[in-house]
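Subject: Structure handover

Hello,

Here is the structure for you to look through. My notes on it follow below.

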Amino acid sequence: MNSQPSTLWTHLSSETNHTGTWRSALPLYQNQPSPCHGACPVGGSIATWIKQVKDGDHYEAWLTLVDNNPFPAIAGRICHHPCETACNRAEHDETVGICSLERFVGDLALREGWSFPSPDVELSQSVAVIGGGPAGLSAAYQLRRQGLQVTLFEAREALGGLMRYGIPSYRLSPDILDGEVARITAMGIDLRLNAEVMDEKALTALHKDFDAVFLATGASLPKELPGLDYSQSFVLDSAAFLADEPEAQSSQTGEHILVIGGGSAALDVARTARRLGRKVTVLTLESEGHLPAQQVELDEASEEGIEFITGAMMQSAVGKDGSVTVHATKVDFQIGNAPGGFTAAPVAGSEFTIEVNTIIPAIGQDADLARWNGILNTSGPVINISGAHGKTSQPGIFAGGDVASMSRFVTQAIGMGKEAALGIVATLVDDADVVAPSQEPEVLLDRINTAYHVNHGRNTQGLAEVASRLETFDEVQQPLAPAQAQSEAERCFSCGTCTLCDNCFYYCPDVAIIKLEDGYEIKTDYCKGCGLCVAECPTGSIHMQEDIAS
Amino acid sequence: MNAPIRNENLQLLNGNHAVAWGVRLASPDVAPLYPITPQTPILEKLIDFKSADLLGTEILTPESEHSAMAAAVAASATGARVFSATSSQGLLLMHELLHYAAGSRLPIVLFNVNRTPAAPWGFWPDQIDSLSQRDTGWVQLYSETPQESLDTVIQAFRIAEASELPVMVNHDAFYVSHAVEPVSVPDQGAVELYLPKVDRSMWLDTDIGRAIGAPIGQDGWNRTRREMDAAMQTIVGLTKDAGKAWGEMSGRPYAPLELYRCDDAEVVFVTMGSMAGTAREAVDRLRESGVAAGLVKVRLFRPMPMADLHAALADIPCALVLDRNYSPGVGGVLHQELMAGFYGAENAPRIFGFLTGVGGTNVPVEMLEKLAVDYRQAKQNNNPIWVE
């Protein structure tokens, strides 16, 4: 052993070398939006609430969810989930089951009886919300959260709109709907049921009495199929059929039902009819693979014994003695260039007939705009709105949901209700704190170090047995068990949302990362710009940028 | 070699497993290891010991030899006893950290299995991998047999910890690493007495708050090399002490040089590693045929025990250096070391340098006999000679 400490053993520090001056690029630590967030119709902070689920903070996760959407239990059941389509994990193994996780949290909130907090302040500004469906309820909720006074006008006897009268209970149990709606009305909303705002005159009066109006009357008029006589008793309106009780549904329909249409509503009709014990055939103009309904709905419908005739068009229907002969032809279905556009030319010589007892066309609904003639521009298929916040041509009147959009998704309507509410708050309340959405680019897969994410297939929800499904209107999709939900939450890459894993801190060769309570800071005096922190980040929350300043 | 075997705990071990036994007995705190042919059996055997709870060492398996040596540096700087092992490409990948370890005065023991470096790709015994690391500040020892490898790896810890310099022990690929012989395994308690834990003169400790190797000025850097030089000056003595004490404990003494039948020799072979076994056989046969031959086996290559070499070759007229390595543009490395060491010396022997067995080619006893006969009275020739 050396008796004298070596020259080597010093009180000096590498801090004397300001290695940051060598740098040409600097890592930027910044949370950025995930693709799921960008795709989400309500702008949900998905990576954030899934991390809270992962951490076991379920109540916090629910609070994050309801920032943007008061219906997580509903959306977790019926959302068309573009978030999952956008999920970066798809290229790794399978997308994260965001919807099933949302349902898990939403159901837990209902079981636990979690309620929305009262607004911090009560404001005097008043808003009339016309329509108690997903858009109207979402707007009413967001307005109440900000302390505005809300009066909600609903034409029917109960709230929910399409969620109550259009979606069968095997997809969305009425208990869930009632629970999530009751939580909103408990916030103190002046509720007017059976109160239809009939016409332009009534709207004008509300426009005068309230500081703002949000119009969300949906799309209530069925599109009509050429060549079908709607006055015949064997033709039923799909919306009316879905809104009816099972007894009425049974009494109006014959043994074999032909449903015309390939969207979610058509499948809701078809699957409801199967539960009444009927033989069901679905005729769609779209060819196989192009039906607008979700794949899971198509799969479940096939399992339930529904027959599909795709790429075909009804030409006429002749009824006689309780049976109907449907004349149809195959078509050459081609997707067009414009979104939603297509051509469907009949194929000569492919004509065929089917014998049925009842026809239920479900080819879409139009908004009833004529009644607003004189106060709003009603020339288009929907009310024309400008910007993200649902402003109509009439100052003080905002619109959202199916009356102002052709997209026809429940969560799209919820998102529009939220955005309109934020627009109303920004208009009516001085110093309103309305946060603009992030303009940062989304974090794509190339930013994720997938070595940190072990391959693990998706935890799927169970389905009720087919035989038992057809005997009741009970929900088909079964919730994730807690352990499954935990495992699913752990699959999330957390794209662009830092999970405080400390990889950057430990891997930095220059000890240039400082840990803060809720993130990290980069010591620019020492960071050489090597990019190890970026390479080792499992969430893409740090990225390199050119640094010519140094 | 051919030391008397006093300890009766004999096991049939190959060279690499003998090394692993030596490591087990030396009981390092940490061993960062990355596998490479032909070193892998060392790692495998250590993991066998570890999984059977026979070894307390923390074994790390990082993603490369560079990282293995980086981990060894960090662990050793805290005061831990640290072992690692590698070969050829792995040693070359460690190169940067070899300087770092020596510059930080860390008593790491590294076992290297001598193997041809690429290209072309090969797995053959050749010592150029470690000889090309001679300027990194590591003490270098070369072993001839599995028994010597076991014994030397333990002595290496003693030398390293006494000098605060890292020590590299080498043996030849396959000829030693995979050759099996009866090996006497010493008693654990005896090794613990031989190799007690030694306090360092410096180590990293947050309570002390001093750094090892922080940026330093020119004068300070210069001083660290003078200190290293002073430490290197102690190595020959420490190697002798370690070898002598080992002999007292095990009955197998060692020295920096091993001299075989050198008394009154007219010609001696000078070599390192497994070549010494062949040379020893050649010496016996030459003696039988009336040629007074001898062998000088160099165990300690860096620092070169030059005073001992001068003494050993004082009255010997001819030295034949056998190099199983080739430094392009120069020749055999051991040859060059001897030429430099004897330059200007009075009564220096004529020194010939032979490139024998480069790349692991076979070197038969007869080849060496012929060299002795052909060159014992030849005129001095400084150029390296390729031997077929």
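Ala119(B) sits in the loop between strand E5 (109-114) and helix H6 (128-131) of chain B. Helices here are DSSP runs of H or I with at least four residues, strands are E runs of at least two, and both are numbered from the N terminus. The peptide bond from Ala118(B) to Ala119(B) is cis, with omega near 0°. A cis peptide bond also joins Ala119(B) to Pro120(B), with omega about -5°. Pro120(B) lies in the loop between E5 and H6 of chain B.

Arg105(B) is not a glycine, yet its phi is positive, about 60°. Look for Arg105(B) in the loop between helix H5 (95-103) and E5 of chain B. For background, most residues other than glycine have a negative phi, and most peptide bonds are trans.

A word on the basis. This is a predicted model, in which local features need pLDDT of at least 70 and side-chain atom pairs count only at pLDDT 80 or more, while totals for chains, interfaces and linings use all residues. Residues are numbered from 1 along each chain as its sequence is written, chains are lettered from A and ligands numbered from 1 in the order in which they are written, and side-chain values use heavy atoms, with hydrogens and water left out.

Next, the domains of chain B. The assignment gives domain 1 (9-250) and domain 2 (257-387); such bounds come from an automatic or database domain assignment. Their centres, taken over C-alpha atoms, are 27 Å apart. In contact are 27 residues of domain 1 of chain B and 28 residues of domain 2 of chain B, where contact means heavy atoms within 4.5 Å. The two domains bury about 2200 Å² between them, 53% of it on carbon and sulfur atoms. Buried area is the accessible area (1.4 Å probe) that two parts lose on being put together, summed over both.

How many salt bridges are counted between domain 1 of chain B and domain 2 of chain B? There are six. The rule asks for a side-chain nitrogen of Lys or Arg within 4 Å of a carboxyl oxygen of Asp or Glu. Glu148(B) and Arg299(B) meet in a salt bridge at 3.0 Å, N to O.

Now the chain interface. Here 23 residues of chain B contact 14 residues of chain A. The chains bury about 1700 Å² between them, 58% of it on carbon and sulfur atoms. Ser201(B), Arg210(B) and Pro215(B) supply 34% of the area that chain B buries against chain A, more than any other three residues. Zero salt bridges are found across this interface. Over all chains the count comes to 50.

One salt bridge in chain A joins Arg371(A) and Glu196(A), with the closest N and O atoms 3.4 Å apart. Arg371(A) is in the loop between strand E16 (365-366) and strand E17 (397-399), and Glu196(A) is in the loop between strand E5 (190-192) and helix H10 (200-209) of chain A, so the pair ties together parts 175 residues apart in sequence.

Please check these against your own view of the model.

Best wishes
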